[in-house]
Amino acid sequence: MAYKYKNLNIEKLSQNENPLGPSPMAFKAISEQCKTINRYPEIHSTTLKSEIASHLELNTDNIFVSAGLVEALDILIRNFIVKGENLIIPKLTFVVYRLLAEVFDVETRFSQMKDYRIDVDSIIESCDDQTKVIIIANPNNPTGNIIIEKELIKLLKNVSQHTYVVIDEAYCEYVSDEDYPNTIKLQKKYTNLIVLRTFSKIYGLAGLRVGYTIASKEIIKQFDYYQPPFTVNKMAAIAAAAALNDKQFVKDSFEMNLTARTFLEKELSILGYNIVSSQSNFIFVFFNERVERDKIFDKLAGNNLIVRKMGPFGDFRAFRITIPKLENCQKIIDCLRY
Ligand SMILES: Cc1ncc(COP(=O)(O)O)c(C=O)c1O
């Protein structure tokens with residue numbers, strides 16, 4: 001698929017990847033180390049774990065490294081929730097939560113959205129004694145907006161200690177809103193809070209598959225227990241450790257995205273499109289009718305701009321555009337002009 005896109009000069013705006021490529025420091029580190037791949041990686045990625053711990057000023061006991069954030073989700077949904085217990089996720093969110101719950105036959109409750117925002121009150125209302133896990137993507141994928149710290153604290157105060165509140169922060173590095181929750185601080189107080197992060201987005205390492213979890217020592221022990229040996233490959237761990245220190249690349253990626261996001265949101269609004277204001281590296285565009293959405297989708301595709309229809313995520317009248325480099329934003333706007 002990637003080759004097809006490359007040959008046809010297609011702009012892939014469907015998977016929220018970093019358009020600036022991988023972190024150069026990560027690229028250099030794996031280029032230098034690639035002759036060591038005859039050796040197994042470290043068990044539980046100890047070196048990377050230490051790097052993440054010192055980066056966040058946490059203990060290594062509070063960090064779990066996984067093959068993408070999705071491996072942590074897999075362990076959570078497959079192993080942490082037993083028969084009779086339930087999972088709560090918002091109605092319009094990252095499709096993988098629902099797919100994993102279906103595969104592992106986990107009872108799933110869908111909280112209501114309010115004006116395309118995750119509604120914390122609806123989550124609280126959906127909880128009962130058997131609610132084991134709540135998952136919130138923050139920023140939410142596909143809407144791109146956030147729940148603020150006050151809302152997260154309200155949720156944490158209103159759910160049982162035995163319910164894990166999982167905050168998926170795949171896009172946290174793109175957030176500019178000052179009310180975004182400081183989950184590292186909150187986790188120290190609320191031991192049922194679990195934070196998931198990834199190297200797939202701002203660090204530009206989606207193809208390598210590496211992510212991490214921040215949680216209490218007891219919860220991390222459970223993640224370690226259920227993880228098969230060596231799922232995080234050696235090059236992924238080396239690249240991630242280097243990327244973590246690539247401050248210039250993260251800064252450039254953040255600034256480029258913020259500038260392009262501001263431009264696209266303004267121009268889309270001027271053109272009369274319905275959008276949700278984003279704190280992430282993508283923008284959610286919604287329509288009154290599915291046919292209208294499909295017409296615009298086809299127009300973009302006809303101009304080699306591939307965005308993602310949101311049906312599988314829970315909305316058949318919307319698509320999501322990954323924010324490209326600034327120079328490609330004008331191409332989108334030109335194409336979207338009626
Ligand atoms: C909210 C959210 N969580 C997790 C992921 C996947 O992360 P990873 O590539 O680390 O498995 C994505 C990917 O698009 C996502 O949007």
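Predicted model: local features only at pLDDT ≥ 70, side-chain atom pairs only at ≥ 80, totals over all residues.
Two strands pair if DSSP finds at least two bridges between them.

**Entry 1: strand β9 and its partners**

I started with β9, residues 193–198, and strand β10, residues 211–214. These two pair in the antiparallel sense, and I find four bridges between them.

Then I checked the partner strand β8, residues 164–168. β8 and β9 run parallel, again joined by four bridges. Here Val-166 sits opposite Ile-194 of β9. To get from β8 to β9 the chain goes through helix α8, residues 183–189, and I have this β-α-β crossover down as right-handed.

Is β9 enclosed or open to the outside? Six of its six residues are buried, so the rest of the structure largely encloses this strand. I looked at each face in turn: Leu-193, Val-195 and Arg-197 point to one side, Ile-194, Leu-196 and Thr-198 to the other, and all of them are buried.

**Entry 2: the seven-stranded sheet**

Next I traced the whole sheet that holds β9. It is an open sheet of seven strands with mixed pairing, and the order reads β2-β10-β9-β8-β7-β3-β4. The edges are β2 (63–66) and β4 (107–111), each of which pairs on one side only. Ignoring direction, neighbouring strands are turned against each other by 20 degrees on average.

At the β4 end I followed the pairing with strand β3, residues 86–90. That pair is parallel and has five bridges. Ile-89 is the residue I found opposite Phe-110 in β4.

Which strands does helix α3 touch? Helix α3 (residues 46–56) packs on the sheet against β2 and β10, and its direction makes about 130 degrees with that of β2. I also looked up helix α9, residues 217–226, which lies across β2, β9 and β10 and runs at about 25 degrees to β2.

**Entry 3: Ala-72**

I picked Ala-72 next, which belongs to helix α4. Why does Ala-72 count as buried? I get 26 C-beta neighbours inside 10 Å for it, and the cut-off for buried is 20 or more.

Setting aside neighbours within four places in sequence, I listed the contacts of Ala-72: Phe-64, Ser-66, Leu-196, Gly-211, Thr-213 and Phe-223. I followed up on Thr-213, which is 141 residues away from Ala-72 along the chain, yet their C-alpha atoms are separated by 7.3 Å.

**Entry 4: around the ligand**

I count 13 residues around the ligand, and the closest are Gly-68, Leu-69, Val-70, Thr-198 and Ser-200. Which element gives the largest share of this shell? Helix α4 (residues 68–80) does, with three residues. By type, I sorted the shell into six nonpolar, six polar and one charged.

**Entry 5: the four-stranded sheet**

Last, I went to the other open sheet in my notes. Four strands make it up in the order β11-β12-β15-β14, with antiparallel pairing. β11 (274–276) and β14 (308–309) are at the edges with a single partner strand each, so one side of each has no neighbour in the sheet. β11 is joined to strand β12 (residues 282–286) by three bridges, running antiparallel. For Ile-275, I wrote down Val-285 as the bridge partner in β12.

Terms used
Residues numbered from 1 in each chain as written. Near = placed C-beta within 6 Å. Nonpolar A, V, L, I, M, F, W, Y, C, P; charged D, E, K, R; others polar. Buried ≥ 20, exposed ≤ 12 C-beta atoms within 10 Å, placed from the backbone. Contact = placed C-beta atoms within 7 Å. Right-handed = clockwise from strand over helix to strand, strands pointing away. Axes fitted to C-alpha atoms, helices over the stretch in contact; angles between N-to-C directions.
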